[in-house]
Amino acid sequence: MSDHDHGHGSEHDHSGGGHAGHSHGVSPDADRRWLAIALTLITAFMAVEVVIGVVAQSLALISDAAHMLTDAASIVLALIAMRLAARPAKGGFTYGLKRAEILSAQANGLSLLLLGAWLAYEAVERLIDPPEVEGGLMLATALAGIFVNVVATWCLSKANRSSLNVEGAYQHILNDLFAFIGTAIAALVVVLTGFARADAIATLVVVALMFKAGYGLLHESGRIFLEAAPANIDPDALGDKLVAEPSVVEVHDLHVWQITSGQAALSAHILVEPGGDCHAVRRDLEELLRHDHDITHTTLQVDHAPAPALQGAQPGVRGLLPLDDTGHCEEPHGPVHRDEPHEH
C-alpha cells in the first residue's frame, strides 16, 4: 500500500458503542404511542369546539378549533414521517427516508404561518366591527380546552423532542394551549365588562406566538435541507481543532451537515506528516469528534502529506498535493486549515 492509499470511511466502526450517540432515550414505538393519545384527545375536543364556537359567535373559539385541526394534521404527519424514517436504507435512498421527518417539520411550520395570517386578518376585521359574543359559553369551553391541551402537551413532552418532527407537533399543541389561555382571559373580560373586542385581541396575541413557532420550525428544518452545519458547531473552529491534533498537517474539504435532526455527519480530507500513523490519527480524530461534538457519522480520508509541501507551503495557499494525485478532488471546497495563522 502506498503512502497515499489511506482513504477510510469510518462511519461503520461500531466498536465501543460507536453509534450510541443516536439513542435519545425514547423508542419510536413509545413516541408513536404518546402522539396517538394526543391525537385522540385533540380530535374529539375539536369536534365539540367547532359547534360551540359557531353558537357562541366567538372567533377565538373557532380559531382555536382551526388551530386544533392543524394540531391533528401535524400529529398525523409526524406519525407518517416516523414510519417512513424507520424504513431501512436501500436502493437510491442511502440514508433511508430519515428526512421525511424534516419535511413534516417544514409542513408544520408553514401551516402555523398560513393559519396565523388568516386568523390575523379575521381578528382585525372583528376589531373594526365586533360581533356579539357569548362570554359565558366561551369561557367554559376555553377552560375545558386548557385542560385537554395540558394533557396533550404533556403527552408530547414525553416523546423525543430532539426530533424536529416531534417538536413541530409539540409546538402546534403548545401554541394551542396558549390560545386557550388567551381565549379564557378574553372570555372573562367579555363576561365582566362586555368588551367584545377582547376576543379579537386574544386572537392576535396567539397569532404572534404562532408566527414565532412557525418561523423557528422553518428556519431549523431549512438549515438541514440546505445541509448547513448544526447550529452548535462552527466548522472553522472545528477545522482548527482537528489540525491541532498530533501528526496532522492539514485539514481541508471539511463538511459538516445533518442527516436529520440530532444526527450530524462529517467528512474531511486529512493530511498527516510523512511517517505518521494514518490509522491512529483517524481513530484519534473520530474519538475527538464523538466525545466532544457527538458526531459519530464520520468519513475521513487520511493521507500522508508530500514532503515538498511541508517545506514550501504558504499559509492559506492550496497546492499541497501534487497535480497528479488523483486521490483529491479537482475543485476543493472551503478553507484550508493548518496549524499556523491563516484566514478562513
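This is a predicted model: local features need pLDDT of at least 70, side-chain atom pairs count only at pLDDT 80 or more; totals for chains, interfaces and linings use all residues.

User: In what pattern do the helices and strands follow one another along the sequence?

Analyst: The protein contains nine helices and five strands. Read along the sequence, these elements give the pattern β-α-α-α-α-α-α-α-β-β-α-β-α-β.

User: What percentage of the contacts with a separation of 6 or more comes from residues 24 or more positions apart?

Analyst: The protein has 344 residues, of which 47% are buried. Among contacts with a separation of 6 or more, the share from residues 24 or more positions apart is 76%.

User: Are α5 and α6 roughly parallel or roughly antiparallel?

Analyst: Helix α6 covers residues 198-225, and its axis comes within 8 Å of that of α5, with a crossing angle of roughly 170°. Angles over 145 degrees count as roughly antiparallel. The pair is therefore roughly antiparallel.

User: How many nonpolar residues does the contact of α5 with α6 have?

Analyst: On the α5 side the contact includes L164, F178, A179 and V189, and on the α6 side it includes A202, V206, L209 and M210. By class, the contact of α5 with α6 has three charged residues, six polar ones and, as the number requested, 14 nonpolar.

User: Are α3 and α5 roughly parallel or roughly antiparallel to each other?

Analyst: Helix α3 spans residues 100-128 and helix α5 spans residues 164-193; their axes come within 7 Å and cross at roughly 20°. Angles under 35 degrees count as roughly parallel. The relation of α3 to α5 is therefore roughly parallel.

User: Is the crossing of α3 with α5 left-handed or right-handed, and how many polar residues are in the contact?

Analyst: Helix α3 passes α5 in a left-handed crossing. Residues E101, I102, S104, A105, N108, S111 and L112 of α3 meet L164, N165, G168, A169 and H172 of α5. These residues of the contact of α3 with α5 comprise five nonpolar, one charged and, for the class in question, six polar.

User: Is α7 oblique or roughly perpendicular to α8?

Analyst: Helix α7 (residues 235-243) packs against helix α8 (residues 278-293) with the axes 11 Å apart and an angle of about 135°. Roughly perpendicular applies to 65 to 115 degrees, and roughly antiparallel to angles over 145. An angle of about 135° therefore makes the relation of α7 to α8 oblique.

User: In which hand does α7 pass α8, and how many charged residues does the contact contain?

Analyst: The crossing of α7 with α8 is right-handed. Helix α7 contributes L238, K241 and L242, while α8 contributes L285, L288, L289, D292 and H293. The residues of the contact of α7 with α8 divide into five nonpolar, one polar and, as charged residues, two.

User: How many disulfides are counted?

Analyst: A disulfide is a covalent bond between the sulfur atoms of two cysteines. The count requires a pair of cysteine sulfur atoms within 2.5 Å. By this rule the number of disulfides is zero.

User: Is C278 buried or exposed?

Analyst: The relative accessible area of C278 is 2%. Since buried means under 20%, C278 is classed as buried.

User: What is the phi of S247, a residue other than glycine?

Analyst: S247 is also found in the loop between α7 and β2, where it is partly exposed with a relative accessible area of 26%. Its phi is positive, with a value near 75°.

User: What is the phi of D294, which is not a glycine?

Analyst: D294 occupies the loop between α8 and β4. It is partly exposed, at a relative accessible area of 45%. The phi of D294 is positive, at about 55°.

User: How far apart are W154 and Y170, C-alpha to C-alpha?

Analyst: W154 belongs to helix α4 (residues 135-157) and is partly exposed, with a relative accessible area of 46%. W154 and Y170 are separated by 16 residues in sequence, and their C-alpha distance is 9.3 Å.

Notes:
Residues are numbered from 1 along each chain as its sequence is written. Side-chain values use heavy atoms; hydrogens and water are left out. Axes are lines fitted to C-alpha atoms, for helices over the stretch in contact, and angles run from 0 to 180 degrees between N-to-C directions. Helices (H or I, at least four residues) and strands (E, at least two) are DSSP runs, numbered from the N terminus. A crossing is left-handed if the near helix is turned anticlockwise from the far one by less than a right angle, and right-handed if clockwise. Contact means heavy atoms within 4.5 Å. Ala, Val, Leu, Ile, Met, Phe, Trp, Tyr, Cys and Pro count as nonpolar, Asp, Glu, Lys and Arg as charged, and the others, Gly among them, as polar. Buried means under 20% relative accessible area, exposed over 50%, partly exposed in between (1.4 Å probe, protein chains only).
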